[in-house]
Amino acid sequence: RFADLAVLSRPYRPGRDNFTPAVAEGLLLGTGAPVLVVPDTATDWSEPFRRICLAWDDSAGALRAARAALPFLKAAEQVRL
């Protein structure tokens, strides 16, 4: 609730425990802060993200997240809403 951005790896994949998806869902649905889910292979943080998927539900929280993500969205090669 007090962070500007939450960054986490993919919560749903083989080998994950049951706690990881619960944390991801809590961040996505309960904080109102933007959540950045990065690939498990992400290692070079100096390069911008090339493909971004932005979840949108026409709420004030989604609007805040989209505004906060604008620098990432502008730098991406592909953005899907």
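Me: Let's start with contacts: what share of them join residues at least 24 apart?
Reply: A contact means heavy atoms within 4.5 Å. In the protein, 62% of the contacts between residues at least 6 apart in sequence join residues at least 24 apart. Before we go on, note that this is a predicted model, where local features need pLDDT of at least 70, side-chain atom pairs count only at pLDDT 80 or more, and totals for chains, interfaces and linings use all residues. Residues are numbered from 1 along each chain as its sequence is written, and side-chain values use heavy atoms, with hydrogens and water left out.

Me: Which pattern does the protein follow along the sequence?
Reply: Helices (H or I, at least four residues) and strands (E, at least two) are DSSP runs, numbered from the N terminus. Here there are 3 helices and 4 strands, in the order β-α-β-β-α-α-β.

Me: How do I read the radius of gyration?
Reply: It is taken over C-alpha atoms, and the globule rule is 2.2 Å times the number of residues to the power 0.38. For 81 residues a compact globule would have a value near 12 Å, and the 13 Å of the protein agrees with that. Along the principal axes, the C-alpha atoms fill a box of roughly 35 × 30 × 20 Å.

Me: Which residues make up the largest nonpolar core?
Reply: In soluble globular proteins, nonpolar side chains tend to be buried together. Buried means under 20% relative accessible area, exposed over 50%, and partly exposed in between (1.4 Å probe, protein chains only). A nonpolar core is a set of buried Ala, Val, Leu, Ile, Met, Phe, Trp, Tyr and Cys residues joined through side-chain atoms within 4.5 Å. The largest one has 6 residues: Ile52, Leu54, Ala66, Ala69, Leu73 and Ala76. Leaving aside residues up to four places away in sequence, Ala66 touches Leu54, Trp56 and Leu73. Of the 81 residues, 20% count as buried.

Me: Is Leu29 buried or exposed?
Reply: Leu29, in helix α1 (residues 19-30), counts as exposed because its relative accessibility is 76%. Ala22 is also found in helix α1, and counts as partly exposed because its relative accessibility is 45%.

Me: What is the relative accessible area of Phe72?
Reply: Phe72, in helix α3 (residues 70-75), has 35%, so Phe72 is partly exposed.
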